[in-house]
Amino acid sequence: MQAKPFSLGYVGVGLMGLPMVQRLLKLGWRVRAYDIVPERVTQSGAIAVGCAADAAADVVLLNLPTDHAVEEAVFGAKGLATSMRAPQLVVDFSTIPVDACRDHARVLQEKTGCRWVDAPVSGGPPASGAGTLTVMAGGSEEDLKRLDPLMRDVAARCTRMGPVGAGLAAKMINQLIVGVGHAMLAECVALCGKAGIDAARIPECLGGGYADSNLMKAYWPRMVERDFAPRGYVRQLLKDLEMVNTWGSGLAAQRPMLTQALSLYRELARRGDTELDTSAVVKLYD
């Protein structure tokens with residue numbers, strides 16, 4: 001196996017991070033990893049370290065659930081900013097606010113000389129483990145070129161959308177489409193029941209037409225079967241939709257469809273279903 005061109009650190013070995021780390025190790029990458037739940041790192045097979053600062057490497061990957069978690073991992077008392085030095089690079093797969101990302105990148109460069117690439121993803125845990133993620137990237141052309149060998153191993157598609165923050169702006173659009181799409185699919189599943197037709201056959205019936213989509217292929221069967229084992233959490237999509245709403249409000253953008261999808265996920269959370277799969281929005285139509 002050909003040697004990889006740089007070493008990796010990894011912070012956040014959770015639902016998305018675990019399958020990615022396991023894949024990277026199988027492909028011959030050197031990975032040292034940290035998670036607040038040490039057992040996750042043990043399960044991944046990576047070299048375990050005791051804090052985020054100790055995960056410093058040529059390229060450090062973040063895969064964290066919230067902006068607070070990112071801030072703590074990078075700028076906390078035992079964060080990466082205490083140990084990283086240029087030309088080491090941070091690549092953040094997390095979905096965080098666009099402006100927060102730009103602030104983090106600026107502060108990290110001021111403190112350490114290190115640069116930042118925002119690289120939010122779409123595809124879920126299966127794609128993370130298979131290396132078929134879609135990556136929306138923001139950063140310099142030089143940094144993305146440097147990351148080419150890594151992105152070829154984790155993503156089916158990596159698109160540089162512009163400077164730092166541009167990847168997350170694209171992810172906001174992605175989450176708007178996904179969130180509204182979930183609500184639309186749930187409503188259609190419920191309508192099938194009212195109409196007396198077999199909802200399970202709809203993907204087959206509509207396959208190849210304009211209504212067909214990866215979203216339908218992934219989530220329609222889960223809604224029909226009431227399979228809510230989490231591949232992605234309600235709380236996570238709700239967090240993202242709240243983020244998109246704040247971002248859109250700051251841009252003075254009209255967003256009636258987002259408002260409706262957001263109201264449904266807020267209601268799902270109010271009922272205590274935050275740890276279920278995002279397809280559980282169909283429960284609101286029971």
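On the face of helix α12 that is turned away from its buried side lie the exposed residues Pro256 and Arg270, where exposed means over 50% relative accessible area, buried means under 20%, and partly exposed lies in between (1.4 Å probe, protein chains only). The structure is a predicted model, in which local features need pLDDT of at least 70 and side-chain atom pairs count only at pLDDT 80 or more, while totals for chains, interfaces and linings use all residues. Residues are numbered from 1 along each chain as its sequence is written, and side-chain values use heavy atoms, with hydrogens and water left out.

Helices are DSSP runs of H or I with at least four residues, numbered from the N terminus. Helix α12 comprises the 15 residues 256-270, which at 1.5 Å a residue should span 21 Å, and this agrees with the 21 Å that separates its end C-alpha atoms; the expected span is 1.5 Å times one less than the number of residues. Within α12, the residues Leu258, Ala261, Leu262, Leu264, Tyr265 and Leu268 are buried. Seen down the axis of α12, these buried residues fall within an arc of 160°, so they line one face of the helix, the arc being that of the directions from the helix axis to the C-beta atoms. In general, an α-helix has 3.6 residues a turn, so residues three or four places apart point the same way. The buried residues of α12 pack against α8 (166-195) and α11 (234-250), contact meaning heavy atoms within 4.5 Å. Just after α12, Gly272 takes a positive phi of about 90°.

The structure holds 19 salt bridges, each defined as a side-chain nitrogen of Lys or Arg within 4 Å of a carboxyl oxygen of Asp or Glu. One of them joins Asp277 to Arg222, with an N to O distance of 3.4 Å. This pair links distant parts of the chain, since Asp277 lies in the segment after α12 and Arg222 in helix α10 (residues 214-225), 55 residues apart. Both Asp277 and Arg222 are buried.

A salt bridge is also formed by Arg226 and Asp286 (2.6 Å, N to O), a pair that again links distant parts of the chain, with Arg226 in the loop between α10 and α11 and Asp286 in the segment after α12, 60 residues apart. Arg226 is partly exposed, with a relative accessible area of 36%, whereas Asp286, at 66% relative accessibility, counts as exposed.

Technical notes: Helices (H or I, at least four residues) and strands (E, at least two) are DSSP runs, numbered from the N terminus.
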